[in-house]
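Reader: I have a model open and some questions about it. Can you walk me through it?

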2 protein chains.
Amino acid sequence: MSLYIGVDLGGTNVRVAKIDENGHILEDIKEPSYASQGPKVVLEHIVDMIKRISDWQSCAGVGIGVPGPVDVENGCMTIATNVPGFEGYPVVSTLKEALDIPVFMDNDANVAGLAEALLGAGKGLPIVYYITHSTGIGGALIINGKTVSGRRGYAGEIANIIIDRNRPKYNYLNAGAVENEAAGPAIARKGKEILGTETTKDVFDACRNGDPKAVKIIDDMAYDFAQMMSMISCVVDPYIYVIGGGVAQNNSDLYFDRIKAYYRSMVHEKLRDIEIVNAVLEEPGVVGAAMLVRAAGL
Amino acid sequence: MSLYIGVDLGGTNVRVAKIDENGHILEDIKEPSYASQGPKVVLEHIVDMIKRISDWQSCAGVGIGVPGPVDVENGCMTIATNVPGFEGYPVVSTLKEALDIPVFMDNDANVAGLAEALLGAGKGLPIVYYITHSTGIGGALIINGKTVSGRRGYAGEIANIIIDRNRPKYNYLNAGAVENEAAGPAIARKGKEILGTETTKDVFDACRNGDPKAVKIIDDMAYDFAQMMSMISCVVDPYIYVIGGGVAQNNSDLYFDRIKAYYRSMVHEKLRDIEIVNAVLEEPGVVGAAMLVRAAGL
């Protein structure tokens, strides 16, 4: 059985694990990522962590998941908001040189989606669409067990899909971008405006308690989310939607049925029987990173 | 050099051609499709036409393009508005049985996109997005030289992408579906309402003559079209957009620059340098159908 090294790099922590082809974590190290010290320090530290994994040289390769779009052809990040200095930095070639084994990189949503496609809720299906619903909204398209990253790594950057162009513009995203209307912070913002609450959780709690205004906020969010999904289906017509991320993990009982109903109202009748399910893997980040190596056929 | 049979089936005519791997048409037969007589008659006629091609048995296979979404796994159409009786009819297995050579099928937009990706404006690029702008709006996603058709053949059915959910609902498509706002008939409709003209061409002619109301209709159309493209980019981040179809062919000088400007305003700065170009092939339908065989590696 092939073994892989998975690396899950975040702005705060980095995790390095030895993982088998079924996604079992055999060894696992988690440490601060030292992101503020720049890519040289961060990568030297990752190399050091990998070398602490037993028999790391016998692994088929290293897969690394990073927080931002990746130019997969050139092995560097296109944008690196949470890991300063990584934009354009030759991550893949640096790690390859230091370790002398194959190295693959993609963004964190893509690797999580890959994990769900190869090992999780989408296992065995030809086209899997993964969506993370959390403080942001991100997507991943996995076709025949390989992520589609795009020319600049922006395949799956669905946060910017416009669900209603008549909404206010809040930030660098388009006016009416789905992330600004349906991600966790948008739910919290609407809670503040309409309910006088503070957090995303407050809104879901009020919805759970039957507060009609809170129910409306969640229902509107589900509509916007479903509309985004209907547009994704126009482009790739996936076999399944797998939805992960904190918002989904904690509250799917409150809004997945609403998403399904709205989605069905927006797509052709032949598409209405699609499965829309929760992500099932506990550690999609580091496991998905390792799966980049498996997806490459190693 | 491998040779292929391409079949371009429409509601009115059917074309059968012998085509080489560079897309050159070596022999070509065009006849009525007899679509109203149902799939048995239509397919027997196609078999007869193929058998009139010299040395047809030495071709690597048959590719057929049809007017509607295709379930590629099962070799049948999912919806068949212009060719009655074809919905669910086993086209691929029927032709295979009659001819005893490999047969492949996909919808007409997908095969036109495949032709542009393998031989035309997108030649050699890893991810090509083809859009036909005509009486309808259709798309095709070609990744590494293969079309992505989706679970039910609806990948590329971008007509239904919502560009403004506050618009009226005209037909089975969503309210604000891009086809109802930006395809040829939508331009004609707006011309009737605003200019008192009749056809799509009338509106473009008035725009060409500088009529400010006609310019506004075309500018609005370009905005809607660009918004659709920005959403496609969020999903697949292609290397190029290739735009074919009658509206584009005849009028790209009047609106492609507008599309490009609006598109750039709606996507992340890293995506703004994308190429958006006219389709270049003269016979994408029948050539693209033949390319289904080449794409399968035969």
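Reader: How many bridges join S9(B) to S10(B), and do they run parallel or antiparallel?

Author: Two bridges join S9(B) to S10(B), and the strands run antiparallel. Two strands pair if DSSP finds at least two bridges between them. Strands (E, at least two residues) and helices (H or I, at least four) are DSSP runs, numbered from the N terminus.

Reader: What kind of model is this, and how is it numbered?

Author: This is a predicted model: local features need pLDDT of at least 70, side-chain atom pairs count only at pLDDT 80 or more, and totals for chains, interfaces and linings use all residues. Residues are numbered from 1 along each chain as its sequence is written, while chains are lettered from A and ligands numbered from 1 in the order in which they are written.

Reader: Back to that strand pair. Which residue stands opposite Ile142(B) in S10(B)?

Author: Thr147(B). S9(B) and S10(B) form a hairpin with two residues between them. Asn144(B), in the turn, has a positive phi of about 50 degrees.

Reader: What is on the S8(B) side?

Author: S8(B) and S9(B) pair in the antiparallel sense over seven bridges. The bridge partner of His133(B) in S9(B) is Ile137(B). Here too there is a hairpin, with three residues between S8(B) and S9(B).

Reader: What is the strand order in the sheet?

Author: S10-S9-S8-S11-S12 in chain B. The sheet is open, has five strands and shows mixed pairing. Its edge strands are S10 (146–147) and S12 (275–278) of chain B, each pairing on one side only.

Reader: Which strands run parallel?

Author: S8 (residues 127–133) and S11 (residues 240–244) of chain B do, joined by five bridges. Tyr129(B) has Tyr241(B) as its bridge partner in S11(B).

Reader: What does H3(B) touch on the sheet?

Author: H3(B) packs on the sheet and touches S8, S9, S10 and S11 of chain B. By contact I mean that two residues have C-beta atoms, placed from the backbone, within 7 Å. The direction of H3(B) makes about 50 degrees with that of S9(B).

Reader: Is S9(B) buried or exposed?

Author: Mostly covered: seven of its seven residues are buried. A residue is buried if 20 or more other C-beta atoms lie within 10 Å of its own, exposed if 12 or fewer, and partly exposed in between, with C-beta atoms placed from the backbone. Ile137(B), Gly139(B), Leu141(B) and Ile143(B) point one way from S9(B). Gly138(B), Ala140(B) and Ile142(B) point the other way.

Reader: New topic. At what angle do H3(B) and H9(B) pack?

Author: About 75 degrees, with their axes 7 Å apart. H3 covers residues 108–118 of chain B, and H9 covers residues 284–295 of chain B. That makes H3(B) roughly perpendicular to H9(B). Angles of 65 to 115 degrees count as roughly perpendicular, under 35 as roughly parallel, over 145 as roughly antiparallel and the rest as oblique. Axes are lines fitted to C-alpha atoms, for helices over the stretch in contact, and angles run from 0 to 180 degrees between N-to-C directions.

Reader: Which residues make that contact?

Author: On H3(B), they include Val111(B), Leu114(B) and Leu118(B). On H9(B), they include Val287(B), Met291(B) and Leu292(B). The residues of the contact divide into eleven nonpolar, two polar and three charged. Ala, Val, Leu, Ile, Met, Phe, Trp, Tyr, Cys and Pro count as nonpolar, Asp, Glu, Lys and Arg as charged, and the others, Gly among them, as polar.

Reader: How many residues does each chain put into the contact between A and B?

Author: Chain B gives 34 residues and chain A gives 34 residues. On the chain B side, the largest share, seven residues, comes from H7(B). That side divides into 19 nonpolar, eight polar and seven charged residues.

Reader: Last one. Why does Ile50(A) count as buried?

Author: Because Ile50(A) has 22 C-beta neighbours inside 10 Å. Its place is in helix H1 (residues 38–51) of chain A.

Reader: What does Ile50(A) touch?

Author: Ile5(A), Val16(A), Trp56(A), Val62(A) and Leu99(A), not counting residues up to four places away in sequence.
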